[in-house]
Amino acid sequence: MIIYSGTKDGFIDDLCNGILEEKIGSAMEERFGRHAPQSEVRSWSNSLTYMGMVLENSTVPNDAGIAIEYNIPYTSKRVDFIMSGYNAEGHNSAVIVELKQWEHADSVPGKDGVVRTYINGGEHETTHPSYQAWSYATAIGDFNADVQDLDVKLQPCACLHNYIERTPEPLLDSMYEYYIQRAPVFSKKDGKKLKQFLENILKKGDKGETIFMIDRGKLRPSKSLQDVLSSMMLGNREFVMIDTQKVVYEEILHSMRQLSKSDRKRTIIIRGGPGTGKTVLAINLLAEIIAEGSSAAYVSKNSAPRSIYNCKLKGSMKRSRIDALFKGSGSFIDAPENTFDVLLVDEAHRLNEKSGLYASLGENQVMELIRSSRLSVFFIDEDQRVTIKDIGTESEIRKYARRFNSTVSVMELDSQFRCSGSDGYLEWVDNLLQIRETASFEPDSSFEYDFRVYDDPNEMRADIESLNSINNKSRMVAGYCWNWISSSKNDTDVHDITIPEYGFEMSWNLGNTTTWAIDPESIREAGCIHTCQGLEFDYVGVIIGPDLRYDPSTHMIITDASERAKTDSSLKGLKKGRTPEEQKALADKIIKNTYRVLMSRGMKGCFVYCIDRDLSDHIRKMCKTRFD
């Protein structure tokens, strides 16, 4: 998706006539349903005026293509400026330009591709402009089949038109040489150099043909972590780290490398919503940390992801090695202090107080993890706490960090790589479930995430089965409102979930497998929150049970804990030590969070069927709002 497109001639005319900002602002409002902030408008004005000055007297052909604010597929990130044409050899070529308002920056020794500058109201670490431009171009090349197959030449660069170089210049430090060679950086006094750079690449105009190929080209299937896990553990780059992912990655590695210089523990809390790449980041870190000779483990409370990883790593790694690297959160009850250099705790919001089958072992999992490692990293999203036993909160982590005199820092992941990279979809889900109020938007045909509401669960299942036949990456899931018939929990033909009015029957995921998410036969079974949290699919069909409904008279989403299955322990102990008001508030949060998680498992699409017809009607009305 592109906010503005045209040719060099048209772009300069719109600048000269003073209508470029208006056109971009109107496109932003149409496609994103919001007015552009004044700060963003000023950025456009300054940066694009500078680009216009550079291009106006250049030999770049007048019919060279121009695109502004291009959304990179499968991500929530946008490229500032693209120019396209043919190079001297006649190849389709595009220059990816990252535009910056920066006036100064400092290098950050010991961290690859990271600098410090004034952004977001203060001094912060961020990716080097050359790294950012290079990573964006790499992501486009990775995702777009036409770009690869037709040998489209992508040349990234960075333009810092307010930046006056110092001597020596931090941005040009030799530590950034790899990225600068691939994506040159141009400062305020480099207008002539930038003009020559563009002229050397764009020899003949293409009237935007190359940009069209980038924007509308055939996309390669998005990578699934479980499919490339073995390669990642061998140190291969399978996912390019973008923006905050890179900053967080480098900070954790830097902290690990500093362990030998201090006896003090360190705790890092990484906030990140669904699809922000928490698990990908954790696995990348695990591979790099052990490659550097330090001891580390990936930790999760939920066994489902670990079972999948175990299955995928068979043959490439010994079972004992897999077990040593991928551990359950209850594995540290008796671990001596500082057994590990680093523990990477994924889905930390799911940690429990006690461990063991009967929750009777140990003292506190958060405490045990911090005690057992010199550097403990907690990846957390408190809006994914889905049982009363989930105690993984920032306050709990801080409490035990203080006990062990561990320094605490908090970082945030903001790049979204699921739900077609649409932050707007996740905001829409939060608004729909009344978890938090977000903006309402008008429909937009450019939105590429496939969201559907069904009146018949059989039709939804048929569509999910059809999509699953392509690559075994689609699944049915449901709210835990139907009892799991324990006497026949290994028999797919015994149907736990029944919706009599539609003759719909389906079994819960079977108890004799731990790899429901990838078992080909499990398309016949519905997963619950406990078997799919931490995992992702191409498409997910969600049955919303009677524990969630809509009241048209009050316009409120109503949760009903009494509709939860007796075999579900998520709300077990709800009444203990709580007032009725506290019980209702906690149950409301758990139920809403459960559906928030289920509705964010699909990378390409989410289908829903609701037991409550009023809720179906409400979602349809909400579907008139747009998601991106």
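Predicted model: local features only at pLDDT ≥ 70, side-chain atom pairs only at ≥ 80, totals over all residues.
Residues are numbered from 1 along each chain as its sequence is written. Local features need pLDDT of at least 70 and side-chain atom pairs count only at pLDDT 80 or more, while totals for chains, interfaces and linings use all residues, and side-chain values use heavy atoms, with hydrogens and water left out.

**Stop 1: two helices**

Select residues 225-233, helix H9, and residues 303-313, helix H12. Helices here are DSSP runs of H or I with at least four residues, strands are runs of E with at least two, and both are numbered from the N terminus. H9 and H12 pack at an angle of about 60°, with their axes 9 Å apart. The axes are lines fitted to C-alpha atoms over the stretch in contact, and angles run from 0 to 180 degrees between N-to-C directions. That angle makes H9 oblique to H12 (under 35 degrees is roughly parallel, over 145 roughly antiparallel, 65 to 115 roughly perpendicular, and the rest oblique).

Now show the side chains. Which residues of H9 meet H12? They are Leu225, Gln226, Asp227, Leu229, Ser230 and Met233, and their partners in H12 are Ile308, Tyr309, Lys312 and Leu313. Contact means heavy atoms within 4.5 Å.

**Stop 2: from H9 to a loop**

A salt bridge is a side-chain nitrogen of Lys or Arg within 4 Å of a carboxyl oxygen of Asp or Glu. Lys473 is in the loop between helix H17 (457-471) and strand S17 (474-478), 246 residues from Asp227. Asp227 is partly exposed at 41% relative accessibility, and Lys473 is partly exposed at 21%. Buried means under 20% relative accessible area, exposed over 50%, and partly exposed in between (1.4 Å probe, protein chains only).

**Stop 3: Phe504**

Select Phe504 in strand S19 (residues 504-508). Is Phe504 buried or exposed? Phe504 is buried, with a relative accessible area of 0%.

**Stop 4**

Select Asp538 and Lys604, which form a salt bridge with the closest N and O atoms 3.8 Å apart. Asp538 is in strand S21 (residues 537-544) and Lys604 in strand S24 (residues 602-610), 66 residues apart. Asp538 counts as buried at 6% relative accessibility, whereas Lys604 counts as partly exposed at 22%.
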